[in-house]
Amino acid sequence: EKNEESKEEKRGFLKKCTTAFSNRIFSAGSSIKSSVSSLYNRNYRYFAITFIAGVVLLVMSSFFLPLVVILPQKFCLLFTLGSICMMGSFVFLQDPYEYMKSLFQSEKLVYSCCYIFSILASCLLYTSPSPRDLSTSRMPSSA
């Protein structure tokens, strides 16, 4: 009788263990499935497209680097747009509010302010007339 009770206890214990193990396997599978779907929802495709567009614009701006004295606007426009695309692409990886919050943390504040200042300065450079335009007037003289 005791032998049968002992066997019954062992079977009950084994059944509990296998049930707990199968429940953990099932929950791990559903956890992996939800992780994969959340990765897909983070728009990695849009991140890659925007980041690659930024790289292409930066490479194109490097072609105007030898002409930066003569045509600074061309270089400035491509470089600024490429930089904005590359930095903006990270918005697709996380929430835009959280991304902006992370950019302006105390340890990153100086770098973020310098970046924004450089973007604004390059926009100012882009809108300013080139030296070529200042030396020759396209307006007919009235004299």
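Me: What counts as a contact, and which residues does S61 touch, not counting residues up to four places away in sequence?

Reply: Contact means that heavy atoms lie within 4.5 Å. By that rule, and not counting residues up to four places away in sequence, S61 touches F75, L78 and F79. The model is predicted: local features need pLDDT of at least 70, side-chain atom pairs count only at pLDDT 80 or more, and totals for chains, interfaces and linings use all residues. Residues are numbered from 1 along each chain as its sequence is written, and side-chain values use heavy atoms, with hydrogens and water left out.

Me: What is pLDDT, and what does the chain average?

Reply: pLDDT is the predictor's confidence in each residue, from 0 to 100. The chain averages 76, and 66% of the residues score at least 70.

Me: How many helices and strands are there in the chain?

Reply: Helices (H or I, at least four residues) and strands (E, at least two) are DSSP runs, numbered from the N terminus. The chain has 6 helices and 0 strands.

Me: What span should helix 3 have?

Reply: The expected span of a helix is 1.5 Å times one less than its number of residues. Helix 3 (residues 72-88) has 17 residues, so it should span 24 Å; its end C-alpha atoms are 24 Å apart, which agrees.

Me: Is S61 buried or exposed?

Reply: Buried means under 20% relative accessible area, exposed over 50%, and partly exposed in between (1.4 Å probe, protein chains only). S61, found in helix 2, has a relative accessible area of 2%, so it is buried. Of the 143 residues of the chain, 15% count as buried.

Me: Which residues of helix 3 are buried?

Reply: They are P72, Q73, F75, C76, L78, T80, G82, S83 and M86. F75 and L78 are among the residues that S61 touches.

Me: Which backbone oxygen does the side chain of S122 reach?

Reply: A polar contact is a pair of N or O atoms within 3.5 Å; within protein, one must be able to donate a hydrogen and the other to accept it, and residues adjacent in sequence count only if both atoms are side-chain atoms. The side chain of S122 reaches the backbone oxygen of I119 at 2.7 Å. S122 lies in helix 5 (residues 109-127) and is buried, with a relative accessible area of 13%. Leaving aside neighbours within four places in sequence, S122 is in contact with C76 and T80.
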